[in-house]
Amino acid sequence: MTKRINAKYKIDRRLGVNLWGRPKSPVNSRSYGPGQHGQQRSKPSDYGLQLRAKQKLKGYYGNISERQFRRLYQEAIRRRGDTSENLIELLERRLDAVVYRMKFVATPFAARQLVNHGHVAVNGKRVNIPSFQLKDGDEISLIGKIKENVNVIASTQSNERDVPEYMTVDHKKMEGKYIRGPKFTEVPYPVHMEPNLVIEFYSR
């Protein structure tokens, strides 16, 4: 087991949820946390609930850094409208998140790696920044031999999840289009997310 996969499963165990809805998640067989105190349950405080909501949302997007996550929160506040909705939209506009949503890879971690290694183009120009914010109408495509990668092909053919309605994708050409930013209710999270608690956490 690689360090990346191991870290992913640790997030599942620590939070006690199958964060990405994957059949191999250890939570499917052990719903309690790791360690000798993992099965002990206590009622969390308001702070504990807010922290857990933040950890779930951060973890889902490949466990992005606290610095990046706080920056997204600050941008969500700056924008007009509901801050929770703004935060979710900003997360769903990340290039690595869209590569994952388009099913070019099986996990958000693999999506970040794919972008980092320069295998993804936006509007025909190579972009290797996973946090790159996409605009409505941007076209995303895979570059070169990665289109023939067995893992990429297997991911596009998987029935594990569907491509959401706020983007389109052609898996034969390995390209797609980001149509628009989604509403919170449109995002296909396998587990219940609470962005309102995340906002409360940072607003303390």
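Mentor: We'll take the elements, then the sheet, then the helices. Keep in mind that this is a predicted model.

Trainee: Fine. How many helices and strands does the protein have?
Mentor: Eight helices and five strands.

Trainee: And in what order do the elements run from the N terminus?
Mentor: α-α-α-α-α-α-β-β-β-α-β-β-α.

Trainee: What's the strand order in the sheet?
Mentor: The five strands make an open sheet in the order β2-β1-β3-β5-β4, and the pairing is antiparallel. The edge strands are β2 (125–126) and β4 (167–170), each of which pairs on one side only.

Trainee: Let's zoom in on β1 and β3. How many bridges are there between them?
Mentor: Three bridges, in the antiparallel sense, between β1 (residues 120–122) and β3 (residues 139–142). Within that pair, V120 stands opposite L142 in β3.

Trainee: Which residues of α6 itself are buried?
Mentor: In α6 (residues 108–116), the buried residues are P108, F109, A111, R112, L114 and V115. Note that the list includes an arginine, R112.

Trainee: Switching to α8. Which of its residues are buried?
Mentor: P195, L197, V198, I199, F201 and Y202.

Trainee: What do they pack against?
Mentor: Three helices: α2 (46–60), α3 and α4 (83–92).

Trainee: Take α3, then. At what angle do α3 and α8 pack?
Mentor: About 100 degrees, with the axes of α3 (residues 66–78) and α8 (residues 195–203) 11 Å apart. Angles of 65 to 115 degrees count as roughly perpendicular, so α3 and α8 are roughly perpendicular to each other.

Trainee: Which residues make the contact?
Mentor: From α3, E66, F69, R70 and Y73; from α8, V198, I199, Y202 and S203. By class, the contact of α3 with α8 has five nonpolar, one polar and two charged residues. V198, I199 and Y202 are also among the buried residues of α8.

Trainee: Back to the whole chain. What share of the residues is buried?
Mentor: 45% of the 204 residues. The accessible surface comes to about 11500 Å², and 47% of that belongs to carbon and sulfur atoms.

Trainee: And what share of the contacts is between residues 24 or more positions apart?
Mentor: 60%, counting the contacts with a separation of 6 or more.

Notes. Residues numbered from 1 in each chain as written. Predicted model: local features only at pLDDT ≥ 70, side-chain atom pairs only at ≥ 80, totals over all residues. Heavy atoms only, no water. Pairing = 2+ DSSP bridges. Helix = DSSP H or I, 4+ residues; strand = E, 2+ residues; numbered from the N terminus. Axes fitted to C-alpha atoms, helices over the stretch in contact; angles between N-to-C directions. Parallel < 35°, antiparallel > 145°, perpendicular 65-115°, else oblique. Contact = heavy atoms within 4.5 Å. Nonpolar A, V, L, I, M, F, W, Y, C, P; charged D, E, K, R; others polar. Buried < 20%, exposed > 50% of the residue type's maximum accessible area, 1.4 Å probe, protein only. Areas by Shrake-Rupley, 256 points an atom, 1.4 Å probe, with all protein chains shown as cover.
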